[in-house]
Amino acid sequence: MIDQKLLTLIEVSKYQNFSKAAEKLNLTQPAVSTHIKLLEQEFNITIFNKTDKKLIFTPEGEILLRFAKRMVSLYLLVNEQIENEKHDIKSLTIGMTHTAENSQITRALAAYTYQNKEENNKKNIKIISDSIKKIYNKLKTYEIDLAIVEGKFPDKDFNSILLDTDSLVLIASNKNPLAKKNVITVSELMQENLILRLPNSDSRKRFEAGINSLNLSIRDFHISLELDSISAIKNLVEDNYGVAIISKSTCLEELKAGKIKALNIENLTFVRELNVIYHQNFDHPEFINDLITIYQKLNNN
C-alpha cells in the first residue's frame with residue numbers, strides 16, 4: 001500500500017499549490033497541509049521554502065520527493081508485473097528521445113513484438129517519448145525499464161550498450177538548387193530558410209555548438225520555423241519551405257525514396273552515439289540482445 005502522504009507530496013510538487021493538490025486528491029486543503037507536516041516531522045526536515053508565488057523545495061525536500069516518486073513507481077510496477085504474470089504477458093516500458101523514436105529503433109521494437117507473437121510469446125512494449133533530461137529522471141525513478149537516447153549516461157548505477165552511431169545532416173528538397181550538391185559551405189547555408197528543432201533538443205544544441213566553434217551565432221542564420229515534430233519538419237522540407245538540420249537516421253526512408261537530399265556542411269561534423277541505458281538489476285538481458293540483432297538486420301537491408 002502506498003503511503004498517502006507520499007502521494008500528497010508528489011501532487012503538491014506537480015501543482016506547486018496545496019489547494020490544487022487537494023482538489024486532485026479529493027482531500028481538503030488542511031489534510032494536505034497535515035500530510036506535509038507529518039512528513040517533515042517524520043524525517044526531521046523542512047520540505048519547502050514558501051514564497052508569495054510558489055513553493056520551492058529545500059535540498060532535503062528534493063531528496064524526499066525523488067525517492068517518493070521512485071517508491072510509487074516501484075509499487076505501480078509491481079502491480080503491473082503481477083497482473084501481466086497472471087495473464088502470461090511480458091511487459092517493458094521504454095523511454096526515448098523524439099529523435100530516437102523517429103529512427104529505425106521503433107521499427108526494431110515493432111519487429112520484436114511481432115516476432116514474439118508469431119512464436120506465441122506475449123510481449124508488450126510501452127514507449128514514452130520525452131526530453132533527454134526527463135527520460136533520465138524517469139529511469140532513475142523506475143518509471144521506465146530502460147532508455148534509448150543519444151549520448152552516454154555517466155552514472156555508475158546504470159549500464160550502457162552502444163546501439164549505433166548517427167550523424168546530423170542538412171536535408172533539402174529535390175526542388176532546391178542545393179540538391180545538386182553533396183557538400184555546401186556555411187556561407188551558403190546562411191542564405192537558406194532554416195527549419196529547426198526547438199532550442200532544448202539535442203540536435204539543435206549540437207548544431208549551435210558546431211557553428212559556435214566557427215565563431216558564428218545562431219542569430220547569423222535565417223530561422224524561418226522552429227518546431228518539435230520531426231515528421232512535420234521532413235514534410236516541410238520536402239515541400240521546399242526550407243532546409244533543416246536533423247538526424248540522418250530519422251529520414252532514411254525519405255532518402256531511399258528520393259524525396260529529399262542529404263548534404264554535409266563544410267567544416268562541420270556532427271556524429272553522436274545511440275545508446276541503450278538500463279539499471280544494473282535489469283532482469284531481461286535477452287531482450288537487449290534480441291533488440292540489437294533485429295536493429296542491425298533492419299539497418300543492413
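Colleague: Which residues lie nearest the centre of the largest pocket?

Modeller: Glad you asked! In this predicted model, the largest pocket has a lining of 27 residues, and Lys69, Asn137, Lys138, Thr141 and Glu143 are the ones nearest its centre. Its volume is about 760 Å³.

Colleague: Which elements give two or more residues to that lining?

Modeller: Helix 1 (4–15), helix 4 (59–86), strand 4 (123–129) and helix 7 (132–140) do. Helix 4 gives the most, with nine residues.

Colleague: What makes a residue count as lining the pocket?

Modeller: A lining residue has an atom within 4 Å of a pocket point. The 27 residues of the largest pocket are its lining, so each of them meets that cut-off.

Colleague: Let's turn to Ala179. Why is Ala179 called buried?

Modeller: The relative accessible area of Ala179 is 14%, and buried means under 20%. The value falls under the cut-off, so Ala179 is buried.

Colleague: Where is Ala179 found, and what is Ala179 in contact with?

Modeller: Ala179 is in the loop between strand 6 (158–173) and strand 7 (183–184). Leaving aside neighbours within four places in sequence, Ala179 is in contact with Ser173, Asn174 and Lys261. As for Pro59, which is 120 residues apart from Ala179 along the chain, the two C-alpha atoms are separated by 53 Å.

Colleague: Which members of the largest nonpolar core touch the most other members?

Modeller: Among its 21 residues, those are Ile105, Ile148, Leu163 and Phe287. At least two residues each come from strand 3 (90–96), helix 6 (104–118), strand 5 (146–150), strand 12 (271–279) and helix 12 (285–300). The largest share, six residues, is from helix 12. Apart from this core lies another, of 20 residues, including Leu6, Leu39, Ile47 and Leu64.

Colleague: What does Ile148 touch, not counting residues up to four places away in sequence?

Modeller: Among them are Ile94, Ile105, Leu163, Leu274, Val276 and Leu291.

Colleague: How do you know that strand 8 and strand 9 pair?

Modeller: Pairing needs at least two bridges. Four bridges join strand 8 (residues 193–196) to strand 9 (residues 222–226), so the two strands pair. They run parallel, and Ile195 has Leu225 in strand 9 as its bridge partner.

Colleague: What makes the β-α-β unit of strand 8, helix 9 and strand 9 right-handed?

Modeller: Picture the strands pointing away from you: in a right-handed crossover, the path from the first strand over the helix to the second runs clockwise. The unit made by strand 8, helix 9 (residues 202–212) and strand 9 is right-handed, so its path runs clockwise in that view.

Terms used. Residues are numbered from 1 along each chain as its sequence is written. This is a predicted model: local features need pLDDT of at least 70, side-chain atom pairs count only at pLDDT 80 or more; totals for chains, interfaces and linings use all residues. Side-chain values use heavy atoms; hydrogens and water are left out. A nonpolar core is a set of buried Ala, Val, Leu, Ile, Met, Phe, Trp, Tyr and Cys residues joined through side-chain atoms within 4.5 Å. Buried means under 20% relative accessible area, exposed over 50%, partly exposed in between (1.4 Å probe, protein chains only). Contact means heavy atoms within 4.5 Å. On a 1 Å grid over the protein atoms alone, a cavity is a set of points where a 1.4 Å probe fits but cannot get out, and a pocket is an open set with protein on both sides within 12 Å along at least five of seven lines; lining residues have an atom within 4 Å of a point. Grid points are joined across faces, edges and corners, and a volume is the space filled by probe spheres set on the points.
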